[in-house]
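I wrote them down in the order in which I looked things up.

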Amino acid sequence: MSETVSDSRADAARLLEIVNSAWMPQALRAAAELGVPDLLADGPRTAADVAEATGAHAPSLHRLLRALVTIDVLTEDGEGGFALTPMGGLLRADVDGTVRSWAIYQGRDVWDEWGLMPEAVRTGRSGREIAHGAGGFAPLRDDPRRAATFNSAMAELTRLSARAVVAGHDFGRYRRVADIGGGYGELLGTILRAHPGSTGILFDLPHAVDAAAGHLDGMGVRDRCEIVSGSFFEEVPTGADLYVLKSVLHDWDDDRAAEILAVVRRAIGPGARLLLVERLMPDRMRAVPEHRLLARADMNMLVAHAAPERTEGQWRALLGSAGFDVVAVTPIPGAATAIEAVPAVGGVTGHVR
């Protein structure tokens with residue numbers, strides 16, 4: 001066999017592995033929805049035991065459990081028992097680092113949006129708008145189950161990075177911190193726990209903040225946090241020394257993101273600052289794991305919101321269009337990048353195109 005043919009077959013095998021990988025998120029979603037990881041929390045159980053506890057079809061469940069072994073979520077012993085791996089344990093509902101809600105949200109609530117990527121690329125519309133007739137976060141308003149799963153998923157992802165964000169920025173210098181679009185308040189709660197002398201304002205849509213009080217109470221900071229609901233396209237609270245927007249602006253195209261920034265710009269008082277926590281896209285992509293993660297995030301924004309992850313230059317231009325000067329860009333290991341900005345002396349400098 002020639003080296004060229006051998007290489008071609010290896011490339012085909014690698015490509016097919018990627019093409020056929022869609023089964024993995026669905027297997028994880030099935031396990032999470034059935035509560036399999038929680039049932040295995042105390043040790044190995046047989047497929048029959050788990051099937052009885054979940055009401056699932058025993059032979060089919062057995063096949064699912066065996067499949068999960070191949071992706072290092074479960075192990076199988078010689079007695080027919082299945083046990084969680086450390087990674088599989090992160091699909092349990094109430095463990096530190098859980099991603100259970102994210103697995104369900106990706107596998108159930110936005111699965112159809114991914115399937116509409118060709119239409120999104122052709123039209124510039126999001127898969128969400130094409131699938132549901134409304135883009136952005138409108139589908140959450142009419143679907144409480146989806147909204148609860150989404151907000152829980154966002155809290156999970158924020159929990160994974162919040163400590164790094166707090167460690168990477170000096171939040172202690174701010175008396176009052178406003179978290180705009182802050183969901184259940186995971187990041188703000190982490191900030192306030194680290195800085196007992198600070199107070200906070202949590203601001204988001206009603207479907208997010210309705211459950212925030214209990215979440216912040218569980219974090220022990222509810223008494224230092226004001227909770228306000230509203231739309232950041234209309235008005236955000238005044239009186240904060242720092243306005244934090246974490247993973248907010250990447251949900252919106254340049255025009256809409258500039259509108260949000262303009263509203264924040266009007267609310268910011270003298271001496272206050274803006275902190276964006278977002279991903280930075282490289283100017284040139286390469287076939288490396290780090291860029292693959294960024295590409296996945298960018299494609300997620302395409303099908304969900306018709307919005308982009310941005311390069312540093314694009315972030316600077318966007319902020320400048322809304323009347324901000326960037327004063328610091330700081331990588332946050334394992335999390336994202338902190339972009340710190342202040343109101344520009346001359347005001348708005350132009351419009352992003």
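**Entry 1: H4 and H5.** I began with the handedness and noted that H4 passes H5 in a right-handed crossing, where right-handed means that the near helix is turned clockwise from the far one by less than a right angle, and left-handed that it is turned anticlockwise. Helices here are DSSP runs of H or I with at least four residues, strands are runs of E with at least two, and both are numbered from the N terminus. On the H4 side the contact (heavy atoms within 4.5 Å) is made by Ala-47, Val-50, Ala-51 and Thr-54, and on the H5 side by Ala-58, Leu-61, His-62 and Leu-65.

For the geometry, H4 (residues 47-54) and H5 (residues 58-70) pack at about 120 degrees with their axes 9 Å apart, which makes H4 oblique to H5. Axes are lines fitted to C-alpha atoms, for helices over the stretch in contact, and angles run from 0 to 180 degrees between N-to-C directions; under 35 degrees counts as roughly parallel, over 145 as roughly antiparallel, 65 to 115 as roughly perpendicular and the rest as oblique.

**Entry 2: basis of the values.** I reminded myself that this is a predicted model, in which local features need pLDDT of at least 70 and side-chain atom pairs count only at pLDDT 80 or more, while totals for chains, interfaces and linings use all residues. Residues are numbered from 1 along each chain as its sequence is written, and side-chain values use heavy atoms, with hydrogens and water left out.

**Entry 3: H2 and H6.** The axes of H2 (residues 23-34) and H6 (residues 100-109) come within 8 Å and cross at roughly 125 degrees, so H2 and H6 are oblique to each other, and H2 passes H6 in a left-handed crossing. Gln-26, Arg-29, Ala-32 and Glu-33 of H2 meet Arg-100, Ala-103, Ile-104, Gly-107 and Arg-108 of H6, a contact that divides into three nonpolar, two polar and four charged residues.

Also in H6 is Ser-101, which is buried at a relative accessible area of 8% (buried is under 20%, exposed over 50%, partly exposed in between, with a 1.4 Å probe and protein chains only). Not counting residues up to four places away in sequence, Ser-101 touches Thr-149, Ser-152, Ala-153 and Glu-156.

Entry 4: Is His-250 buried or exposed? At 6% relative accessibility His-250 counts as buried, and I located it in the loop between strand S7 (242-246) and helix H15 (254-267). Beyond four places in sequence, the contacts of His-250 are Glu-278, Arg-279, Met-301, Ala-307, Pro-308, Glu-309, Arg-310 and Trp-315.

**Entry 5: H17.** I then looked at H17 (residues 312-321), whose buried residues are Trp-315, Leu-318, Leu-319, Gly-320 and Ser-321. These buried residues pack against H15 and strands S8 (273-278), S9 (324-332) and S10 (336-343).

Technical notes. Nonpolar A, V, L, I, M, F, W, Y, C, P; charged D, E, K, R; others polar.
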